[in-house]
Amino acid sequence: MISKFRFSNIANWLCTLLFLEAIPFSAFAATIRVPKDQSTIQAAIDVAATGDTVLVADGTYAGDGNTNIDFRGKTIIVQSENGPENCVVDLEGSLVNGFVFESEETQDSLLTGFSVINGSCGIFVRNSSPTISHCIISRNSSGGISFRDSASSTISDCTISENIGIGIYCSSSSTTIVSCTIRDNLTTNRGAGIYFDDCIAPTVTNCLIIDNTAYQYAGGIWSRSSAPTITNCTISGNVASSYCGVDLGGLAVIKNTIIYGNDPDTSYFGSGITITYSDIAGYSGEGTGNINVNPLFVGSGDYRLLAGSPCINTGTASGSPDTDIDGNSRPQGSGYDMGAYEYMGSGHIEPTANAGVDQAVFNAVNLDGSHSTDPDGSISSYVWNLKYRGSSSYDRTAAGVKATLSSLEPGFYDVTLTVTDNQGLSNTDTMLLSAMGINCDFNGDGDVDGSDLQIFSTKYGK
């Protein structure tokens, strides 16, 4: 041991300094727990030192100390214990931001695992370069995430959804966006999904940009003064007045990307665009490996590829990510796929049952399951089960895509439709049936309508 040596005090002091320098700084980092050690997230950040971790327990955090949460220029980690579904920063409809980064010193900070909802802007970044990962930014009134004058920020594995305003806004920034879902955002301007404003070579990789609405241009991505690189993204279901998929002027590179199924299904590309190995609606310009055909999505909000999709195995390996948005390795087949999802083989997809809307009838009902679907095959059987809310002796069954049942006992039935497809997979859907019997004019006004049903429900409902 050192104490066995007869060094002078000065020698001991010098040896101690050398020893401390040899130990990684992280060895001295502390973990500050919320609410165990500090009652709010801001209070924990305020006492944190460089390299520390603020660890936030499950729960909903609101009020003073949990709004406009400022990193104070500190290089620290702020993370939840169990992910964004379990740790929510609720701004409660106030005109405040969620998390704030506004210092050049905040270069290597990490924010991970939070839901940020019901505020002004979910996350605001200026003159900083944090990494933001595994967060849900939703239902904010002035957009999801705003990057301004940021050197090299990264956002990964996040969902930015249902915000009023632009999903991700980047101004004078070099932002990297990886494996994010950007959906259902609404702006009165342009670029509802992503807006690049005079940015420095931003990149968008493995992202799903879907179902966003811009009242002007570009429901998906707007960029007229930047040079984005867009790789293995799926941009679909977006709505705008024109150029709905993307509106890209200047320089841009698009590769292994699907821009299809927007409304209107058009995009704008400037003269400096390079497009290769992509499926783009209406595109007939130059570029190796490009197609303009239906990509065959699974459907019903699922943008994965069906078997037989022209986007399977038709991408390029050059510059492509090693995994898809779900973390599945690429490629799965003989080549890389276009879009955010890699096709995972010939696994069969369940059918979707649709029993129709709830009904109020006399003593007979017409059942219709024709709106049921099977995305990769056909439905081979339809089975109806009517369970009476009362005696099981009044239960009924039927078969077929359409069926008529009469002489129903007055009362309420839970009607379940089970559909089975040609691969033997099944799915169900349920609707409520109110049978009022032959004499149903309970209020005596000569008509059988909603007012009679209300009286009937009070009399017979169980």
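Guide: One cut-off is needed at the outset: a residue is called buried under 20% relative accessible area, exposed over 50%, and partly exposed in between. The model before us is predicted.

Visitor: Is arginine 183 buried, exposed or partly exposed?
Guide: The relative accessible area of arginine 183 is 27%. Buried would require under 20% and exposed over 50%. Arginine 183 is therefore partly exposed.

Visitor: Which residue forms a salt bridge with arginine 183?
Guide: The closest N and O atoms of this salt bridge are 2.7 Å apart.

Visitor: What is the mean pLDDT of the protein chain?
Guide: Of the residues in the chain, 87% reach a pLDDT of 70 or more. Over residues 1–26, however, the pLDDT is below 50, and beyond near neighbours in sequence this stretch has six contacts in the model. The mean pLDDT of the protein chain is 87.

Visitor: How many residues apart are aspartate 46 and arginine 72, which link distant parts of the chain?
Guide: These two residues form a salt bridge whose closest N and O atoms are 3.0 Å apart. Aspartate 46 belongs to helix α2 (residues 41–47), while arginine 72 lies in the loop between β4 (69–70) and β5 (77–80). Aspartate 46 is partly exposed because its relative accessibility is 37%, and arginine 72 is partly exposed because its value is 46%.

Visitor: Is glutamate 342 buried or exposed?
Guide: Glutamate 342 forms a salt bridge with arginine 330, the closest N and O atoms being 2.7 Å apart. Both residues are in the loop between β35 (302–305) and β36 (359–361), 12 residues apart. Arginine 330 has a relative accessible area of 6% and so is buried. With a relative accessible area of 3%, glutamate 342 is therefore buried.

Visitor: Where is proline 264 placed?
Guide: The peptide bond from aspartate 263 to proline 264 is cis, with omega near 0 degrees. The place of proline 264 is the loop between β30 (258–259) and β31 (268–269).

Visitor: Why is the pair of phenylalanine 297 and tyrosine 303 assigned its geometry, and what is that geometry?
Guide: A search of the whole structure finds 11 aromatic pairs. In this one the ring centres are 5.1 Å apart and the planes stand at 70 degrees. An angle over 60 degrees counts as edge-to-face. The pair is therefore edge-to-face.

Visitor: Which strands hold tyrosine 388 and tyrosine 413?
Guide: The rings of tyrosine 388 and tyrosine 413 form an edge-to-face pair, 5.0 Å centre to centre with 65 degrees between the planes. Both residues are buried. Tyrosine 388 is in strand β38 (residues 379–388) and tyrosine 413 in strand β41 (residues 411–421).

Visitor: The charged end of which residue sits over the ring of tryptophan 222?
Guide: Tryptophan 222 belongs to one aromatic cluster with Tyr169, Tyr195, Tyr217, Tyr243 and Tyr268. The charged end lies 4.5 Å from the centre of the tryptophan 222 ring. It belongs to arginine 190.

Visitor: What is phi of tyrosine 243?
Guide: Tyrosine 243 is found in the loop between β27 (239–242) and β28 (246–248). With a relative accessible area of 31%, this residue is partly exposed. Its phi is positive although the residue is other than glycine: near 45 degrees.

Visitor: How many residues are in the largest nonpolar core?
Guide: Ile41, Val78, Phe99, Phe114 and Phe269 touch the most other members of this core. Leaving aside neighbours within four places in sequence, the contacts of valine 78 include Ile41, Phe99 and Phe114. The largest nonpolar core has 58 residues.

Key: Residues numbered from 1 in each chain as written. Predicted model: local features only at pLDDT ≥ 70, side-chain atom pairs only at ≥ 80, totals over all residues. Heavy atoms only, no water. Phe/Tyr/Trp six-rings, centres within 6.5 Å; stacked < 30°, edge-to-face > 60°. Helix = DSSP H or I, 4+ residues; strand = E, 2+ residues; numbered from the N terminus. Buried < 20%, exposed > 50% of the residue type's maximum accessible area, 1.4 Å probe, protein only. Lys NZ or Arg CZ within 6 Å of the ring centre and 35° of its normal. pLDDT = per-residue confidence, 0-100. Contact = heavy atoms within 4.5 Å. Salt bridge = Lys/Arg side-chain N within 4 Å of Asp/Glu carboxyl O. Core = buried A, V, L, I, M, F, W, Y, C linked by side-chain atoms within 4.5 Å.
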